[in-house]
Structure formats: C-alpha cells, structure tokens
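Try each task yourself before you read its solution.

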Amino acid sequence: AELKDELGARLDLQAALDADPARTCRLQWEIVDRRRISVDFFNRCLARFPNDPKLLADRGVERYLGGDQLTAMSDFQLALKADPGLTEASLSLAAILQGRKDPAGALAVMEKAITLAGKREEAYEQAILLRDSLRRVK
C-alpha cells in the first residue's frame, strides 16, 4: 500500500510539473541555489576552522550533489589529508573515482581506508563491501 501511495504521489507531482514547465525550472533553481548557499556556509565555517576534515568532507558532498565532481574530489582529498582515517571521505572519494571509470584508484582509496579504520568505525562494513565489489571489477 505504501509503494502504491508513493507511486501515485510521484505521478501526481510529475503531472503537475509537466503542466507547468516554468515550475520545473523554478524547482531546479531552488535546488541549485540551496546547494550554492550550503557550499557558501561551509566556506564560511572553513574560514574559521581551516582544514577541519568533517567540514571539508561535508562541503565535498554538497559540491558533488551540485554536480561539481572535480572540486568535490579535491575536498575529499583535503579531508583525508587532514584525517586519513575519515572513512566517510574515503567512501565518497572512491565512489566518485568508480563513477569516473577509475576502479584501480577507487580500490587504492578503499584499501587505505580499511587499513586505517580497522574495525572500529560503522563505515568499516561499507568499506569492505565497496572494496570487494571493486576487486571484482578489476
């Protein structure tokens, strides 16, 4: 029943957007604008707390979601330079590398992340799964 309700809601939304193409553009602009504002927020935070690995990784996520893969990768690399054990940044960087058809680079990032994280982090299992899937692609 939930799936049927969700599907119905999505179809209603799509019908409304199809009926008003300008609304679609406005919604897309709002999403882009929110990403820009969010990146600006992280830039201000990083001005106060330079090289904070979690802030760098969060800004990387926002940049990636906004379509800026190269700058997002740079943020994840800076986050890992500041904290090599930040598994979330490793997962994000590896996912981008994999999407850019660089499974060897993604695998290298994950191997290092697993070595540094040990079994103490929640992301450890995700890292193992990603590493294993990358090995199969290689």
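## Exercise 1: the length of a helix

Solution. Helices here are DSSP runs (H or I, at least four residues), numbered from the N terminus.

Before going on, some ground rules. The model is predicted, so local features need pLDDT of at least 70 and side-chain atom pairs count only at pLDDT 80 or more, while totals for chains, interfaces and linings use all residues. Residues are numbered from 1 along each chain as its sequence is written, and side-chain values use heavy atoms, leaving out hydrogens and water.

## Exercise 2: the ends and inside of α3

Task: find which side-chain oxygen approaches a backbone nitrogen at the start of α3, then list the buried residues of α3.

Solution. First, a side-chain oxygen of aspartate 52 comes to within 3.1 Å of the backbone nitrogen of lysine 54. Next, Pro53, Leu55, Leu56, Ala57, Arg59, Gly60, Glu62 and Arg63 are buried in α3; buried means under 20% relative accessible area, exposed over 50%, and partly exposed in between, with a 1.4 Å probe and protein chains only. Glutamate 62 falls in the buried class because its relative accessibility is 15%. Leaving out residues up to four places away in sequence, glutamate 62 touches Arg35, Ser38, Val39 and Phe42 (contact means heavy atoms within 4.5 Å). Finally, just after α3, glycine 67 has a positive phi of about 95°.

## Exercise 3: the core

Task: which residues touch the most other members of the largest nonpolar core?

Solution. This core has 24 residues, and Phe76, Ala89 and Leu93 touch the most other members. A nonpolar core is a set of buried Ala, Val, Leu, Ile, Met, Phe, Trp, Tyr and Cys residues joined through side-chain atoms within 4.5 Å. By element, α2, α3, α4, α5 and α6 each supply at least two residues of this core, and α5 gives the most, with six. Now take alanine 89: setting aside neighbours within four places in sequence, it contacts Ala57, Phe76, Ala79 and Leu80.

## Exercise 4: an aromatic pair

Task: classify the one aromatic pair in the whole structure.

Solution. The ring centres of phenylalanine 41 and phenylalanine 42 are 5.5 Å apart with planes at 70°, so the pair is edge-to-face. For rings of Phe, Tyr and Trp (its six-membered ring), pairing requires centres within 6.5 Å; planes under 30 degrees apart are stacked, over 60 edge-to-face and the rest tilted. Phenylalanine 41 is partly exposed at 41% relative accessible area, whereas phenylalanine 42 is buried at 10%.

Notes:
A polar contact is a pair of N or O atoms within 3.5 Å; within protein, one must be able to donate a hydrogen and the other to accept it, and residues adjacent in sequence count only if both atoms are side-chain atoms.
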